[in-house]
Amino acid sequence: MAVKIVDVPEKRRYEALLDEGADDGSGERSAVAGHAEYIRTPELIAFVHTEVEPGHEGQGIGSSLVRTSLDEARDAGLRVLATCPFYADWINRHPEYADLLYQARSKVSD
């Protein structure tokens, strides 16, 4: 099955869609195999939760969600805040995406 990653802004998440073929001959049918929830501002996107359906774990769907969403963040000039442990770990294992990480600029301390 082919996996397609799409941004669904009205749900504030990226979805991994699996093509399941035509349902009744009237068109294609897709199933959501996973999603990555986010909070977005004009300068920042914070990934807060990622979930892959149990029947699709271990198939690279989570990695596809992360890679596509980070590539789109880069294209949009957004900084990334990886509060989701899956995102943080993935970026740690793929240092070519580390430059996207948000860095606090404040020098204020207690």
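Threonine 50 is found in strand E4; helices (H or I, at least four residues) and strands (E, at least two) are DSSP runs, numbered from the N terminus. The model is predicted: local features need pLDDT of at least 70, side-chain atom pairs count only at pLDDT 80 or more, and totals for chains, interfaces and linings use all residues. Residues are numbered from 1 along each chain as its sequence is written, and side-chain values use heavy atoms, with hydrogens and water left out.

**Strand E4**

- Threonine 50 is buried, at 16% relative accessible area. Buried means under 20%, exposed over 50%, and partly exposed in between (1.4 Å probe, protein chains only).
- Beyond its neighbours within four places in sequence, threonine 50 is in contact with His35, Ala36, Leu65, Cys84, Phe86 and Tyr87. Contact means heavy atoms within 4.5 Å.
- Leucine 44 also lies in strand E4. Neighbours within four places aside, leucine 44 is in contact with Ile39, Leu78, Arg79, Val80, Leu81 and Tyr102.
- Between leucine 44 and alanine 73 there are 8.5 Å, C-alpha to C-alpha, and a sequence separation of 29 residues.

**Helix H1**

- H1 covers residues 61-76, 16 residues in total. Its span from first C-alpha to last is 22 Å, close to the 22 Å expected at 1.5 Å a residue. The expected span is 1.5 Å times one less than the number of residues.
- Its buried residues are Ile61, Gly62, Leu65, Val66, Ser69, Leu70 and Ala73. They cover an arc of only 160° around the axis, which puts them on the same side of H1. The arc is that of the directions from the helix axis to the C-beta atoms.
- Glycine 77 follows H1, with a positive phi near 75°.

**Largest pocket**

- The largest pocket holds about 150 Å³ of space. A pocket is an open set of points on a 1 Å grid over the protein atoms alone, where a 1.4 Å probe fits, with protein on both sides within 12 Å along at least five of seven lines. A volume is the space filled by probe spheres set on the points.
- Its lining includes Thr50, His56, Ile61 and Phe86; lining residues have an atom within 4 Å of a point.
- Strand E4 (44-52) and H1 are the elements that give two or more residues to this lining.
- The lining divides into three nonpolar, seven polar and two charged residues.

**Arginine 12**

- Arginine 12 sits in the loop between strand E1 (3-8) and strand E2 (13-22).
- Its phi is positive, about 55°, although arginine 12 is not a glycine.
- Arginine 12 counts as exposed, at 54% relative accessibility.

Methods: Ala, Val, Leu, Ile, Met, Phe, Trp, Tyr, Cys and Pro count as nonpolar, Asp, Glu, Lys and Arg as charged, and the others, Gly among them, as polar.
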